[in-house]
Amino acid sequence: MTNNFFIISNVFILILLNISNVLKGTTTQIAIKEKAISKTSYIILSIISSALYILGLFLTMNSKIQKPDILAPMIATTMYVSLLATVEDCKIFITNRWRSRICYLINTILSFIYVGKIKSNMPLFSMRLFIIFFVLIFLIPILWDIKIFGKSVGPQPGDSRMFMILFPISMAILQNKILWGFLVWFIIMFSYHIIYMTINKSKFNTKEEKDKVIVPLAPGILLPPYIMFILIWTGLIF
C-alpha cells in the first residue's frame, strides 16, 4: 500500500465516520432532542474520536505486527467508534447504526485482505470461513428478530453491530487463538454486565423498578479489545 493511497483512504474513512454523526434522523438527533448529549458535546466527542483514529494509525504503523498498513485502519475505526458508541449507549441506550455499519464493513473487508497477506499457522480458508460464519451469526438479529416464548433469542441489533466490529479484527489478529481471545472478551463483558446491573438495581426497592434497569453493553463489548491493541503497540505479543 503506497503512502499516498494510505493517507487518502484513511482521510476518506475519517470523513465518512464524522459525516455519520450528523446524518438526519440518526442517533445524534435523538440524543440532542432528548437533551442527553448536546450538539457541542457531539462536536467535542467527534474531535476526540478523530484524534483517537489518528493515534490508532500512528501507533499501529509503528508497531512490529505484520502488515500494519492493513491492520491500522481496522484498529483506528474501532477506536473511533468505541468512544462515541459508549457515550451514546450509556446516555440513551442506542448507538449510531451508520457509524457502526461503516466500521464493521471496513473491518470485515480488511480482515479478509489481512489474513491473506500474513504468515500464519492457521489455513487461510479456515480464517476466512470463521469470519463469514460469525458475521452471519451477528447479522441475523439485525435482519430478523427471532423470538422464542415471546422473547428475542439473540442480542439486540445495536449490540450485534458492535460484535460485528469486534469479531473480524479479533479473528485477523488472534487467528488460531480466537476462541481464547473471545473467551476473555466475553468474561470481561459479562462481568461488567453483572457488576453494572447489580449496582444499578441496588438503587431501587421494588421488583418492578429493578426489572426496568437497562445496562449499556457498548463499554463491555468495545473497550476490552484495547488490551489487544496495547499489546500490539508495546510489542509484548503478536
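Trainee: What share of the 238 residues in the chain is buried?

Mentor: A residue counts as buried when its relative accessible area is under 20%, as exposed when over 50%, and as partly exposed in between, using a 1.4 Å probe and protein chains only. Here buried residues make up 45% of the chain. This is a predicted model, in which local features need pLDDT of at least 70 and side-chain atom pairs count only at pLDDT 80 or more, while totals for chains, interfaces and linings use all residues. Residues are numbered from 1 along each chain as its sequence is written, and side-chain values use heavy atoms, with hydrogens and water left out.

Trainee: How many residues of helix α7 are buried?

Mentor: Helices are DSSP runs of H or I with at least four residues, numbered from the N terminus; in α7, 17 of the 18 residues are buried.

Trainee: At what angle do the axes of α4 and α7 cross?

Mentor: Two packed helices are described by the angle between their axes and the distance between the axes. Axes are lines fitted to C-alpha atoms over the stretch in contact, and angles run from 0 to 180 degrees between N-to-C directions. The axes of α4 (residues 68-92) and α7 (residues 157-174) cross at roughly 150° and come within 11 Å, which makes α4 roughly antiparallel to α7, a term for angles over 145 degrees.

Trainee: Which residues of α4 and α7 meet?

Mentor: Contact means heavy atoms within 4.5 Å; among the residues that meet are L71 and M74 in α4, and M162 and I165 in α7.

How values were computed
Helix = DSSP H or I, 4+ residues; strand = E, 2+ residues; numbered from the N terminus. Parallel < 35°, antiparallel > 145°, perpendicular 65-115°, else oblique.
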